[in-house]
Amino acid sequence: MLDAFSRSVVSADAKTAPVGGSDLASLRAYVQNGNKRLDAVNAITSNASCIVSDAVTGMICENTGLIQAGGNCYPNRRMAACLRDGEIILRYISYALLAGDASVLDDRCLNGLKETYIALGVPTQSAARAVAIMKASATAHIGETNTPALGGKRFRKMETTQGDCSALVAEAGSYFDRVIGAVS
Amino acid sequence: MKSVVTTVVTAADAAGRFPSQNDLEAVQGNIQRAAARLEAAEKLAAGLDAVTREAGDACFNKYSYLKQPGEAGDSQVKVDKCYRDLGHYLRLINYCLVVGGTGPLDEWGIAGAREVYRSLGLPTGPYVEALTYTRDRACAPRDMSPQALNEFKSYLDYVINALS
C-alpha cells in the first residue's frame, strides 16, 4: 500500500534519483491542503451510513425488480449483503482519499471484485449504479454543494471552513469512477 | 511502504472501520511537521552530489590506507563504488524525509546490509566516518533551517547506528 509520499519515493527509486523539484511541489500541495483533505474524509465517514443506504435505496427505486422474489436484493439476507458491500467500497474509497493514492483501493478492494460478483451472480450494472449514486452524494458532501431544497428534511451541512474544494471533489470522484470502471 | 498514513489505514482496515477522529488527528500531526522535512529533502536533493563527494573525501582522508593495494579502495572502480554507496544512503535519507519515517532506509538500505558487507569483506567504519562527517558538517541556517536540519540529522544518526 502506498500514499502520496511513498508513491513519489517509489517512482524516484525506479530512476535512482532523489525526490526533488516538481515531485516535492505536488507533495507540498498535499501538505498545504491537508486540512481540506481531512475534512473531506470526515465528510464521507460522518455520513457513511446515509450515503450507502441512499445509494442502495436509489438503485432499487430505479429497478424495483431487485426486491421482488428472485431479485438480487431479495430476501433481507441479500439486501443486507448489498448494504454491507456498499459500505466496504465506501470505506476503501475513504482510505484512498486519506492516502491521496488509489493503491489501497486497487489492492484490497477492486482486485478480483468483478470476478467475485460474476461468480455470485451479482448484477454489476446495478452495483455500478449504486456506486454512481454514492459518488454524487459523497462529492456533494465534500464540496458542500447540497442545498436545503435538494436535501429536504435530511439536509445536512458540515461545519467546516468555506473554501475551494474542487480538486478534492475531483479526486474523490476519480476513486468512485475507478470502482465503476472495475466492476462494469 | 510504511508511513504514518499507511499505518493508520492498515490499522483501520484490520478493524474494518472508517478512518476515525484519532486516525485523522494522527495524519494531521504528521502533516503539520511535514514542512521541515520537505525542506530538508529539497535541500538535500539539490546538493546530493556535492554532499556525497565531501563525505567520500572525508572518509578517504581519514582512512588513507584504504587506497593501498589489497584494501577496499585499491582501484578507482572500487573508490567510485564507495562514493556511489554513500550517494545511495543519502538518497534513501531523502526518501525518508519525504515519507516521514525510516521505511525506505529499512527496506532498501539496512535490511541485509550487514550480510552484504561481510561477504564482500568491506569495512563499515569508513561509511560511518563519511556519514558522521556529513552530520557534523551540516549546519543551520547556512544549509537549511534548524528544524529541517534536525530531521536530516536524525536520519543520518539512524544510518550511522545501523552501520556501526
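**Loops and a helix in a predicted two-chain model**

Thr16(A), in the loop between helix H1 (4–14) and H2 of chain A, has a positive phi, near 50°, although the residue is not glycine, and because its relative accessibility is 46%, Thr16(A) counts as partly exposed. Glu144(A), which is found between helix H8 (124–143) and helix H9 (148–151) of chain A, likewise has a positive phi, near 55°, in a residue other than glycine, but at 17% relative accessibility Glu144(A) counts as buried.

The description now turns to helix H1 of chain B. Its 12 residues (residues 4–15) should span 16 Å at 1.5 Å a residue, and the end C-alpha atoms, 17 Å apart, agree with that. Within H1(B), the residues Val5(B), Thr6(B), Val8(B), Val9(B), Ala12(B) and Asp13(B) are buried. They cover an arc of only 160° around the axis, so they lie on the same side of H1(B), while Ala14(B) and Ala15(B) are exposed on the other side. The buried residues of H1(B) pack against helices of both chains, namely H2 (22–32), H5 (76–99) and H6 (103–110) of chain A and H2 (21–32) of chain B. After H1(B) comes Gly16(B), with a positive phi near 65°.

Note on methods. Residues are numbered from 1 along each chain as its sequence is written. Chains are lettered from A and ligands numbered from 1 in the order in which they are written. This is a predicted model: local features need pLDDT of at least 70, side-chain atom pairs count only at pLDDT 80 or more; totals for chains, interfaces and linings use all residues. Side-chain values use heavy atoms; hydrogens and water are left out. Helices (H or I, at least four residues) and strands (E, at least two) are DSSP runs, numbered from the N terminus. The expected span of a helix is 1.5 Å times one less than its number of residues. Buried means under 20% relative accessible area, exposed over 50%, partly exposed in between (1.4 Å probe, protein chains only). The arc is that of the directions from the helix axis to the C-beta atoms. Contact means heavy atoms within 4.5 Å.
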